[in-house]
Amino acid sequence: MGSPAEHATVGGDLTPAAAPPSRAAGWAPRLAAGVRARGVVVIWLALVAFFSAWAGPAFFTLNNARLVADASATTAIFGAALGLCALAGALDLSVPGTAAVAGVVCAKLLADQVPTALAVFAAIGVGVVIGLVNAAAVELGLNPLATTIGMLTALSGIAALMSGNQPVLLSAAGNLNWLGNNHYLTIPAPVFVVAVIYVLGWLLLTKTYIGIRLLAVGGNADGARRIGVRAPAYRVLGFVLSGACAAIGGIVVAAVLSQASPTPDTNELFQALTAVALSGIALSGGRGSLPRVLFGALIIATLNSGLIIHGMAPAWATLATGILLVGALAIDQGTAKMLGFVRFRGTSSRRSG
Amino acid sequence: MLALTGIDVHFGAVRALSQVDFLLNAGEVVALVGDNGAGKSTLLSVMAGARRPTGGHISVDGTRHDFHGPRDAAAAGVQIVYQDLALVDAADIATNITLGREPRRRAPAGWLGLVDKKAMRRVAREQLAALEVSNVGAVTQPVEMLSGGQRQAVALARAAIRLGTDNARMLLLDEPTAALGYQQSRQVERFIVRTAASGVGVVIVTHDLPLCFEVANRIVVLNRGRKVADVERAAADVDHVVGWITGSREPQAGLA
């Protein structure tokens with residue numbers, strides 16, 4: 001039953017005078033809110049400005065912009081996979097495994113003369129099924145992190161078995177250049193894939209009741225359930241969207257490389273995770289915006305490009321990416337404190353009568 | 001209207017509720033009181049479909065219902081405001097108030113599940129105004145920026161909307177004034193009285209005896225999972241109610 005201590009989470013009254021200090025219009029909370037809302041864009045613009053001055057004339061060119069966009073495309077796609085699932089409240093680390101299986105499935109089907117569209121949709125379907133399996137395990141009460149890491153291992157085994165542990169080459173007849181290496185209006189094809197995913201994802205999350213509820217479930221699954229939202233359905237949706245995006249990412253990577261590798265690219269996972277962390281999406285769910293993941297991916301690609309154009313070894317870019325991930329989490333923590341979020345308010349007073 | 005018969009809830013060996021009967025009529029305010037651990041919130045969660053009883057049954061308007069979850073209870077016309085409010089902190093006020101009943105855009109956009117954000121904000125503002133809450137500020141602020149009383153207002157507004165849209169006729173409030181100051185408690189009291197006057201049956205779980213005597217038509221006392229008293233407010237005496245709550249007074253004839 002409700003003890004006085006449990007009521008401590010709900011205190012105050014309906015007038016602004018009794019509002020918590022966080023609402024007082026000081027500069028610090030406003031700055032913190034601004035950093036959370038636009039920090040990732042500011043960091044990216046700052047990087048562009050910095051490298052334009054420092055890396056040399058080859059950096060701030062249309063050609064390099066294309067290269068950066070192309071390089072960030074796969075990170076952005078995998079970032080969307082991780083981000084959509086994280087918003088629904090679970091971290092899906094099986095993403096590179098799903099990508100590997102989907103890439104191999106697509107390449108094998110193309111090798112068997114299956115029509116391209118069918119092969120692509122079948123591979124995306126495989127991603128959806130993997131998402132459903134992840135979701136089923138998590139709905140049974142298994143820990144999402146452990147489940148999806150297990151899935152990652154299992155999927156890399158499946159990809160290896162299907163491919164004989166050899167890269168599956170795309171033949172000249174069954175190539176996916178239209179999705180990988182072709183340019184349209186001088187823009188690389190993967191950039192269009194990113195655009196479609198992010199526009200659809202943004203519309204879903206901000207304009208439809210489905211996205212609104214998915215975010216609500218990510219933020220307070222038990223609360224949403226008790227007011228009648230089908231919480232499990234929206235968590236399942238998060239995993240399915242993640243699986244589908246991961247599969248699309250795997251197909252695009254295969255298209256770009258003209259071969260499907262059965263080995264999951266965990267480096268790609270960490271880059272995507274960094275992009276998601278930079279975007280401010282809470283890895284615990286319910287908080288964040290998908291378009292900002294795009295800027296997270298752009299930051300990583302811009303950093304790589306600038307350092308390489310300046311003539312530094314790629315290892316420096318790897319180091320910088322790692323620092324970015326930790327730095328992004330630190331900024332997230334710092335701004336949350338400045339805003340006075342009591343992160344677990346609302347769950348602390350849950351009780352059984 | 002809402003009738004619970006012989007409700008048992010056992011958690012392993014612990015009997016949270018034993019053979020509790022409970023009746024709620026249209027337009028009536030019933031206060032459910034008892035000490036900590038008496039089973040008040042458990043009984044409320046059974047009515048709301050959030051907890052399945054181990055035994056007994058629930059009927060609404062004479063029809064038996066088996067609530068498998070909060071959705072079933074809502075479909076039968078029961079709405080609840082939880083003590084922890086069940087709000088989504090990161091979401092804004094308008095989203096919280098309309099969550100689960102989001103106004104849709106007109107077809108064909110509505111077919112795609114597109115919501116009408118303007119209507120969402122308008123509905124949220126109207127509901128807060130109806131609750132006489134004018135100081136919450138913009139309904140686009142996230143709920144985590146609000147004070148406790150403002151959060152309570154948001155949760156009440158959400159329930160109030162559902163009373164309208166779902167044609168709900170039963171409203172359950174778990175400790176609606178526990179965290180509130182004097183003025184805000186009066187606002188909640190007026191909300192309860194208005195809601196009951198519109199024909200809705202209201203159950204309030206509370207430790208606040210003055211509130212019981214102010215708004216309730218009937219007072220039901222639980223003690224250690226059993227119903228020990230069920231009295232009309234007019235016939236009730238504060239000392240008797242306190243005696244039942246603490247267990248120092250014998251249960252009413254025919255109970256426990």
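How are H4(B) and H5(B) oriented to each other, roughly parallel or roughly perpendicular? Read on to find out.

## About the model

This is a predicted model, in which local features need pLDDT of at least 70, side-chain atom pairs count only at pLDDT 80 or more, and totals for chains, interfaces and linings use all residues. Residues are numbered from 1 along each chain as its sequence is written, while chains are lettered from A and ligands numbered from 1 in the order in which they are written.

## Two crossing helices in chain B

Helix H4 (residues 117-130) and helix H5 (residues 148-165) of chain B have axes that come within 9 Å and cross at roughly 105°. H4(B) and H5(B) are therefore roughly perpendicular to each other (a term for angles of 65 to 115 degrees). Helices here are DSSP runs of H or I with at least four residues, and strands are E runs of at least two, numbered from the N terminus.

Where do they touch? Val123(B), Ala124(B), Gln127(B), Leu128(B) and Ala130(B) in H4(B) meet Ala153(B), Ala157(B), Ala160(B) and Ile161(B) in H5(B), with contact meaning C-beta atoms, placed from the backbone, within 7 Å.

## Chain B as a whole

Stepping back, chain B has eight helices and 10 strands. Its C-alpha atoms fill a box of roughly 60 × 40 × 35 Å along the principal axes. Among contacts in chain B between residues at least 6 apart in sequence, 68% join residues at least 24 apart.

Of its 256 residues, 54% count as buried, that is, with 20 or more other C-beta atoms within 10 Å of their own.

## A helix in chain A

Helix H6 (residues 144-163) of chain A has 20 residues. Among its buried residues are Met151(A), Leu152(A) and Leu155(A). After H6(A) comes Gly164(A), with a positive phi near 65°.

Conventions: Expected span 1.5 Å × (residues − 1). Buried ≥ 20, exposed ≤ 12 C-beta atoms within 10 Å, placed from the backbone. Axes fitted to C-alpha atoms, helices over the stretch in contact; angles between N-to-C directions. Parallel < 35°, antiparallel > 145°, perpendicular 65-115°, else oblique. Contact = placed C-beta atoms within 7 Å.
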